[in-house]
Amino acid sequence: MGRRRSLADLSYTLVIGGLAALALLIIVAPVVIVLMTSFTEGRSLKFPPTGFSLQWYEALFDASKSRQIHRAVYNSLEVAAWSTGFGILFGSMASLGLARNRHQLARVADGLFMSPLVLPGLTFGLAALMYFTLIGFRPSLNLIIAGHMIVTVPFIIRTTSASISQLDPALNDSSQSLGASWLYTMRRVTLPLIAPGIFAGAFLAFMASIDNVPVSLFLSTARTDMLPIRMWGMMESTLDPRIAAVSGVLITAAFLLMLVMEWTVGLTRRMRE
Amino acid sequence: MRKLAEWQLALPLALAFASIFLAPLLMLVGVSFFNDDKITQPGFGQWAKFLGDPFSYKVIADTMLLGLKTVCATIVIGYPLALIYLDASPRLQKVLIFIIVMPLLLSVVVRTFAWIVVLGREGVVNTLLMQLGIISEPLRLLQTELGLVISLTQIEMPLMLLPLISVMSRLDPNLRDASSALGASRWRTLFKVIVPLSMPGLVAGCLLVFASSTTAFISQTVIGGVRLIYLPLLIWQQSLVVFNWPFAAVVSLTLLVSVLTVVSALSYLGRRSGGYVHG
């Protein structure tokens, strides 16, 4: 019996350990491989890369050779900044208004605001394209900003509502019983306490906007090109090695951002909650 | 008076959602009931055309199957990783969660591109297999469903792991100790204790992975190619290449309905199994 049990335990360690190792390999290896490939000396993306050079990074940062990519990067950053800004404003207001409200209608509104997370993005993207076109808007970054705000605001609402539900209601009550106005309590008590939640959500929303495909796919045009769509184009036609350099930059950026967010608001802890 | 003021804070977002979320979706439904691509003749023509074509059902089934295969693959290798996380020291846990979350912050396009480099003709897998002498010709991994499922497994993995880990971390460690003290093997403890109790996380993970992989337009088109047709590709072709908006509306509503149907079925099963454990 004891022998069989230790055999079973051994098989458990082997199987579970092996599969987990495979999972880690699958998660990490492609990222490392792309980073290595981006420094290739050759003209194709074969692995292992031949030699070491920064040629694709130089081509990428060259303003005249890569104007379209630069344009797309600026557009993506601009859209992400504005949509996150509006998202913070509207989203945190909505969370403050609804998080403690047990009314049926408040639950419905909350469900509505979170629904872009489950709704297929392509369906909304296509709907937005038809809607804006049929009511007579011309394609512009403003429309993309509006679309991105809708699909990224759930991240802000989720983390902000989580922070609000952890607030001790006594703080609010004591502030008000000491004579502070609603606005003063909001400014000096509530907002400072939920700020890390808003910040974490805003970060996720910003990243989701930078990465958004379904809305940008339908609402962007050649003039309002967005980075993921541009990169998709670079992969679809001839495989342009500059895309490895773009990936290298984005991987580095994600890594650094992740470290910064971990130190400032404890992002991983918040995401597990 | 104050109560009134509080819920009114939600009004700006409610207005935004009404005008740029609900209204477009309603219009999408409306447009799907027009027969011609100029959107002038109302009728059920496009629905009849889509639902009367056997090809449509194949595309729907392929799309749903792609989602289910990806869900299975993420469970098979993701669940063990979550178990390892559970047993790890706090320091190792921090490293693991960092590795798990980081891909989430990395553009889907970059993750898709990575798999082109890995699976391509001159990619890592082919180079390795050829040098080991296992194959003499490069395998075709891109533009196959297998390659697509492998790629999506990595791309969607964080969506499975985060809810799993979040639920598992809250499990009482004493339960596992009790199970093992009562003589259960680790396998038995896994299937009789840990899996049932982590069901809410598992279900949440499945929902996210399914919804995301069935609609992963970029990965599907770039790794799957144009020969593997899924609903997102059909929507894109019909709306931005052929400019048949009513038909595109029909397909995208079909995508919406099929994804939501599977998602609600999964969450219903999840609730039932959850009820079994706690009741």
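I take buried to mean under 20% relative accessible area, and I keep to that cut-off throughout these entries on a predicted model.

**Entry 1: helix α13 of chain B and what follows.** I began with α13(B) and looked up its buried residues, which are B:L231, B:P232, B:L233, B:L234, B:I235, B:Q238 and B:S239. Just after this helix I noted B:F243, which takes a positive phi of about 60° although it is not a glycine. I placed B:F243 in the loop between α13 (231–241) and α14 (245–278) of chain B. Its relative accessible area is 48%, so I list B:F243 as partly exposed.

**Entry 2: another positive phi.** I recorded this backbone angle because most residues other than glycine have a negative phi. B:Q143, which is not a glycine, also has a positive phi, of about 60°, and I found it in the loop between α7 (124–131) and α8 (145–168) of chain B. With a relative accessibility of 35%, B:Q143 counts as partly exposed.

**Entry 3: chain B as a whole.** I then stepped back to the chain and counted 14 helices and zero strands, so that, reading from the N terminus on, I wrote the order of elements as α-α-α-α-α-α-α-α-α-α-α-α-α-α. The C-alpha trace of chain B spans about 75 × 70 × 30 Å along its principal axes, and of its 279 residues 53% count as buried. Among the contacts in chain B with a separation of 6 or more, I noted that 71% come from residues 24 or more positions apart.

**Entry 4: α4 against α10.** For this pair I looked up the two values by which packed helices are described, the angle between their axes and the distance between the axes. The axes of α4 (residues 54–87) and α10 (residues 186–197), both of chain B, come within 13 Å and cross at roughly 95°. Since angles of 65 to 115 degrees count as roughly perpendicular, I describe α4(B) as roughly perpendicular to α10(B). On the α4(B) side I listed B:Y79, B:L83 and B:D87, which meet B:R186, B:L190, B:I194 and B:V195 in α10(B). Sorted by kind, the residues of this contact are five nonpolar, no polar and two charged.

**Entry 5: nonpolar cores.** Which residues have the most contacts inside the largest nonpolar core? I found A:F113, B:L13 and B:Y79, in a core of 156 residues; B:Y79 is also one of the α4(B) residues that meet α10(B).

**Entry 6: cysteines.** How many disulfides does the structure hold over all chains? I found zero. B:C72 is in no disulfide, and the nearest cysteine sulfur, that of B:C206, is 8.0 Å away, whereas a disulfide needs the two sulfur atoms within 2.5 Å. B:C72 has a relative accessible area of 47% and is therefore partly exposed. B:C206 is likewise in no disulfide, with the sulfur of B:C72 as its nearest cysteine sulfur.

Note on methods
Residues numbered from 1 in each chain as written. Chains lettered and ligands numbered in written order. Predicted model: local features only at pLDDT ≥ 70, side-chain atom pairs only at ≥ 80, totals over all residues. Heavy atoms only, no water. Axes fitted to C-alpha atoms, helices over the stretch in contact; angles between N-to-C directions. Helix = DSSP H or I, 4+ residues; strand = E, 2+ residues; numbered from the N terminus. Parallel < 35°, antiparallel > 145°, perpendicular 65-115°, else oblique. Contact = heavy atoms within 4.5 Å. Nonpolar A, V, L, I, M, F, W, Y, C, P; charged D, E, K, R; others polar. Buried < 20%, exposed > 50% of the residue type's maximum accessible area, 1.4 Å probe, protein only. Core = buried A, V, L, I, M, F, W, Y, C linked by side-chain atoms within 4.5 Å.
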